[in-house]
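I opened my notebook today to look up a few things in one structure. Come and read along.

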Amino acid sequence: MPENLRICPFCQLNEAGHEFHFIFSYHLYNNLRSKFFADINKRYPHFNDLDKNLKIVFLFNNNVDPFICRFTATYVHFCMELRQSIVI
């Protein structure tokens with residue numbers, strides 16, 4: 001589906017509802033995101049210096065530290081639970 005047809009139906013940012021939006025922009029996850037990024041930065045201080053494309057690669061394709069993939073999966077899980085609790 002073309003990106004312009006995938007606008008997030010849950011917010012007013014008028015952004016495509018893709019991975020970048022989910023991880024970096026969607027307002028409902030601001031508190032979870034702040035804690036998630038703070039914890040990542042404690043372990044990898046250079047994380048904040050990466051652009052969004054490199055952050056996505058770091059979070060979802062980290063072959064060096066299995067903690068990162070597990071931690072990212074946990075973050076996504078909690079975000080989805082939060083979304084379900086609001087949408088239902």
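**Entry 1: the whole chain**

I noted before anything else that this is a predicted model. I then looked up the elements and found four helices and zero strands in the protein chain. Read from the N terminus on, the order is α-α-α-α.

The C-alpha trace spans about 35 × 30 × 20 Å along its principal axes.

How much of the protein chain is made up of buried residues? I found 34% of the 88 residues. For the surface, I wrote down that the protein chain exposes about 5,900 Å², and that carbon and sulfur atoms supply 58% of that area.

I checked the charges next. There are 9 positive and 8 negative side chains, and the centres of these two sets lie 5 Å apart.

My last look at the whole chain was at contacts. Taking those between residues at least 6 apart in sequence, I found that 40% join residues at least 24 apart.

**Entry 2: the rings**

How many aromatic pairs does a search of the whole structure find? The search gave me 11. One of them is formed by Phe-20 and Phe-24, and this pair is stacked, with 6.2 Å centre to centre and 25 degrees between the planes. The pair counts as stacked because its planes are under 30 degrees apart.

Is Phe-24 buried or exposed? Phe-24 counts as buried because its relative accessibility is 13%, under the 20% cut-off. Phe-20 has 26% relative accessibility, so I put it down as partly exposed.

**Entry 3: charges over rings**

Which ring does the charged end of Arg-43 sit over? I found the ring of Phe-67, with the charged end 4.1 Å from the ring centre. I also looked up Lys-55: its charged end sits over the ring of Phe-37, 5.7 Å from the centre.

I stayed with Phe-37, which has its place in helix H2. Its relative accessibility is 14%, so Phe-37 counts as buried. Leaving out residues up to four places away in sequence, I found that Phe-37 touches Ile-23, Phe-24, Phe-47 and Leu-59. I also checked Phe-37 against Phe-67: they are 30 residues apart along the chain, with 14 Å between their C-alpha atoms.

Ile-40 lies in helix H2 too. Why does Ile-40 count as buried? Its relative accessible area is 0%, and buried means under 20%. With the neighbours up to four places away in sequence again left out, Ile-40 touches Phe-47, Phe-58, Leu-59, Ile-68 and Phe-71. I looked up one distance here: Ile-40 and Leu-59 are 19 residues apart in sequence and 9.3 Å apart in space, C-alpha to C-alpha.

**Entry 4: two exposed residues**

To finish, I turned to the outside. Where is Asp-49 found? I located Asp-49 in the loop between helix H2 (30-43) and helix H3 (52-60). Asp-49 counts as exposed because its relative accessible area is 68%, which is over the 50% cut-off. Between Asp-49 and Phe-36 there are 16 Å, C-alpha to C-alpha, for residues 13 apart along the chain.

Met-1 lies in the segment before H1. With a relative accessible area of 73%, Met-1 is exposed as well. I compared the position of Met-1 with that of Pro-66: the two are 65 residues apart in sequence, and their C-alpha atoms are 32 Å apart in space.

Definitions and conventions
Residues are numbered from 1 along each chain as its sequence is written. This is a predicted model: local features need pLDDT of at least 70, side-chain atom pairs count only at pLDDT 80 or more; totals for chains, interfaces and linings use all residues. Side-chain values use heavy atoms; hydrogens and water are left out. Rings of Phe, Tyr and Trp (its six-membered ring) pair if their centres lie within 6.5 Å; planes under 30 degrees apart count as stacked, over 60 as edge-to-face and the rest as tilted. Buried means under 20% relative accessible area, exposed over 50%, partly exposed in between (1.4 Å probe, protein chains only). A charge sits over a ring if NZ of Lys or CZ of Arg is within 6 Å of the ring centre and within 35 degrees of the ring normal. Contact means heavy atoms within 4.5 Å. Accessible areas come from the Shrake-Rupley method with a 1.4 Å probe; for residues, only the protein chains shown count as cover. Lys and Arg count as positive and Asp and Glu as negative; His and the chain ends are not counted. The place of a charge is taken as NZ of Lys, CZ of Arg, CG of Asp or CD of Glu.
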